[in-house]
Amino acid sequence: MIRKGKSSWDISAILGISLNTINYHIKNGIRKMKTRDRIVEVLRAARFGLIEVPP
């Protein structure tokens, strides 16, 4: 959902889980992908084929 430009708050509302949980997982992904922010995280995940990005 980050790839669609959703905020952490939007994602938490859609999934019905807490904002802290969303932020934890985003920060964990940033750390594992060795990126500096969530935009770069999405781009790197797309490059490695971990997510699909629509045209």
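Analyst: pLDDT is the predictor's confidence in each residue, on a scale from 0 to 100. The model discussed here is a predicted one.

User: Among the elements of the protein chain, which has the lowest mean pLDDT and which the highest?
Analyst: Over the protein chain, pLDDT averages 88, and 98% of the residues score at least 70. Among the elements, the lowest mean, 89, belongs to H3, and the highest, 93, to H2.

User: At roughly what angle do the axes of H1 and H2 cross?
Analyst: Helix H1 spans residues 8–15 and helix H2 residues 19–33. The crossing of H1 past H2 is right-handed. Their axes come within 8 Å of each other, and the angle is roughly 120 degrees.

User: How many nonpolar, polar and charged residues does the contact of H1 with H2 have?
Analyst: From H1, the residues taking part are Ser8, Trp9, Ile11, Ser12 and Leu15, and they meet Leu19, Ile22, Asn23 and Ile26 of H2. Sorted by class, this contact has six nonpolar, three polar and no charged residues.

User: Within what arc do the buried residues of H1 fall, and what covers them?
Analyst: Ser8, Ile11 and Ser12 are the buried residues of H1. Viewed down the helix axis, they lie within an arc of 100 degrees, so they line one face of H1. An α-helix has 3.6 residues a turn, so residues three or four places apart point the same way. The cover over the buried residues of H1 includes H2 and helix H3 (38–47).

User: Is Met33 buried or exposed?
Analyst: Met33 is found in helix H2. Beyond its neighbours within four places in sequence, Met33 contacts Glu41, Arg44, Ala45, Phe48 and Leu50. Its relative accessible area is 16%, and buried means under 20%, so Met33 is buried.

User: What distance separates the C-alpha atoms of Met33 and Arg44?
Analyst: Arg44 is one of the residues in contact with Met33. The two are 11 residues apart along the chain, and their C-alpha atoms are separated by 7.4 Å.

User: What is the phi of Lys34, and is Lys34 buried or exposed?
Analyst: Most residues other than glycine have a negative phi. Lys34, which is not a glycine, has a positive phi of about 55 degrees. Lys34 is found in the loop between H2 and H3. With a relative accessible area of 70%, Lys34 is exposed.

User: Which residue follows H1, with a positive phi?
Analyst: The phi of this residue is near 75 degrees. The residue that follows H1 is Gly16.

How values were computed:
Residues numbered from 1 in each chain as written. Predicted model: local features only at pLDDT ≥ 70, side-chain atom pairs only at ≥ 80, totals over all residues. Heavy atoms only, no water. Axes fitted to C-alpha atoms, helices over the stretch in contact; angles between N-to-C directions. Helix = DSSP H or I, 4+ residues; strand = E, 2+ residues; numbered from the N terminus. Left-handed = near helix turned anticlockwise from the far one by under 90°. Contact = heavy atoms within 4.5 Å. Nonpolar A, V, L, I, M, F, W, Y, C, P; charged D, E, K, R; others polar. Buried < 20%, exposed > 50% of the residue type's maximum accessible area, 1.4 Å probe, protein only. Arc of directions from axis to C-beta.
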